[in-house]
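Subject: Structure for your review

Hello,

Here is the structure we talked about, with the sequence alongside. Please open it first; my notes follow below.

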Amino acid sequence: MKKTPLYESHIALGAKMVPFGGWEMPVQYPQGLIYEHQATRTACGLFDVSHMGEITIKGKGASDFLQAVTCNDLRLLEDGKAQYTALLNKQGGVIDDLIIYRYASDDYLLCVNASNTESCVLWVREQIKNYKDVVYEDVSSLWGQIAVQGPKAWGIINTLIGAELGLKYFRFKKINVKGVECVVARTGYTGEDGAEIFTPAESTAEIWNALIKLGGAPCGLGARDTLRLEAALPLHGHELMTDRIASSCGISWVIKLQKENFIGKEALVNTSPQQAIRGLELTAPGIARHGDSVIDTNTGEVVGVVTSGTRSPTLGKSIALAYVNTATKNCSVVVRGNKIPTAPCSLPFYKRKGV
Amino acid sequence: MSSPSDRRYTKDHEWVKVTGGKAQVGISNFAQGELGDVVFVDLPKTGKKVSRGDVLCVVESTKAASDVYAPISGEVAEVNATLSSNPEKINASPYEEGWIAVINPSNIKETEDLFTSEQYDVFTKSK
């Protein structure tokens, strides 16, 4: 089991550790998931995301290579800008969703999911063979990463660096933090404003501790999941899958079919998915979980499957994301044999004020 | 913290407290700590017949659903309806306000081979 640079800090804070994607990660700290969730919604949550994978893509043909292997349009990127996108297989399934950071037209950083780092590296290694001038490197072990999220996140970050950073959404910058060169990006996975800070592995703990001193609340994977679900941000292995066509996964906004060509495009053009992700609110007591069946309320026929579900701490409701036949109107979820009716919910379930 | 000595415990972390021939059941402090914030309790129906080890009900934390097993056989005589609106009582008071159900036991002797509080504390220390 791999450990992040913050492992010792988590133990010292009394975190409950669990295996996740080959890593030993904190699922929650002593004050509990709901406390951490609310701290992020109302003040500032800190998340150890050092387990995420980082891959550099460099060389003269780097832009062409990335344009061909991702579904979003890389031409929308410029230096210092980040883009959410996905790597698709030939069948249009999602190998992983990722963020691409552009330092220069020949210098990119890819941030991929921890549990998919290996498959992403293998995929990149295979596809890059056709591009003589492009090289990749898995630099995951060199980087720690801390997500600082919530309405007070930027106040804390600005205090930490001693300057008003003023980054626009999805921009990033190399910044000297306490004498250490870090990369600060205005991105996140909670539905709140904030940043993700890439730190050299050996300096991660120092910066983490400084952020805690400034008022950030350490949050585990549990709160990370409830926060992202309220914000309807998809998670690979749940909404995003290698055997589900990307156009059905709720990430259509990053699929640019007008792009000349990219891996998976042909499948996307030729497939109209029978099911798509939709948001549901359970209207009777119960919580739907990943894998629960979705049935047509009128006919009882199975018409889909729940991908994620929880009791939403912010909304006080039971919410779920599910693949459901596009033709189905009213559906129910089957939780341990009980049929629980649902109402459709527009996504995201939660949107912060002022956006 | 040592567990209350007025009841018995299972290896699955339920407790059972017998008074006046009735068995009150719930989950231990250790169990609530492992579960995390409880957000929903799928309470059993009164009249439900259970054998020891059957699923009595399901307790859901924000993260996952966990089965609660009947520590004793019998018929569910009463449920703690407060948990429908205040499931967090299981976290705050697992041994008192967070009780789950009262069972009319069919064989009271079943409690004899369950852990005593001392045995249970030793058992959870090894976890």
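Four salt bridges are counted between chain B and chain A. One salt bridge is formed by A:Arg336 and B:Asp42, whose closest N and O atoms are 3.0 Å apart. Please keep in mind that this is a predicted model, so every value here is computed from predicted coordinates.

The contact between the chains involves 15 residues of chain B and 16 residues of chain A. Together the two chains bury about 1,200 Å², and carbon and sulfur atoms account for 50% of that area. On the side of chain B, the residues that lose the most area to chain A are B:Asp37, B:Thr62 and B:Lys63, which together make up 43% of what that side buries.

As for confidence, the model has an ipTM of 0.80 and a pTM of 0.93. Chain B has a mean pLDDT of 95, with 100% of its residues at 70 or more.

The largest pocket holds about 1,000 Å³ of space. Its lining consists of 44 residues, and those closest to the centre are A:Tyr84, A:Tyr169, A:Gly188, A:Leu233 and A:Trp253. Which strands of chain A each supply at least two residues of this lining? They are β6 (81–88), β7 (94–104), β8 (107–112) and β13 (194–200). The largest share comes from β7(A), with four residues. By class, the lining of the largest pocket has 24 nonpolar, 11 polar and nine charged residues.

The second largest pocket has a volume of about 600 Å³. Of the 29 residues in its lining, A:Phe20, A:Asp225, A:Leu235, A:His238 and B:Lys63 lie nearest the centre. In chain A, β2 (16–20), α7 (221–230) and β17 (302–312) each give at least two residues to the lining of the second largest pocket. α7(A) contributes the most, five residues. The lining of the second largest pocket divides into 11 nonpolar, 13 polar and five charged residues.

There is also one cavity of 30 Å³ or more in the structure. The space in the largest cavity is about 40 Å³. Its lining is made up of A:Met25, A:Pro26, A:Phe47, A:Asp48, A:Cys219, A:Gly220, A:Leu221 and A:Arg224. β3 (23–28), β4 (45–48) and α7 of chain A each supply at least two of the lining residues. Five of the residues that line the largest cavity are nonpolar, one is polar and two are charged.

Two points of backbone geometry remain. The peptide bond that joins A:Leu347 and A:Pro348 is cis, with an omega of about -5 degrees. A:Pro348 is in the segment after β20 (338–345) of chain A. A:Phe170 is not a glycine, yet its phi is positive, about 60 degrees. Where does A:Phe170 lie? Its place is the loop between α5 (153–161) and β11 (172–177) of chain A.

Regards

Conventions. Residues numbered from 1 in each chain as written. Chains lettered and ligands numbered in written order. Predicted model: local features only at pLDDT ≥ 70, side-chain atom pairs only at ≥ 80, totals over all residues. Heavy atoms only, no water. 1 Å grid on protein atoms, 1.4 Å probe; cavity = no way out; pocket = protein on both sides within 12 Å on 5 of 7 lines; lining within 4 Å. Points joined across faces, edges and corners; volume = space filled by probe spheres on them. Nonpolar A, V, L, I, M, F, W, Y, C, P; charged D, E, K, R; others polar. pLDDT = per-residue confidence, 0-100. Contact = heavy atoms within 4.5 Å. Buried area = accessible area lost by both parts, 1.4 Å probe. Salt bridge = Lys/Arg side-chain N within 4 Å of Asp/Glu carboxyl O.
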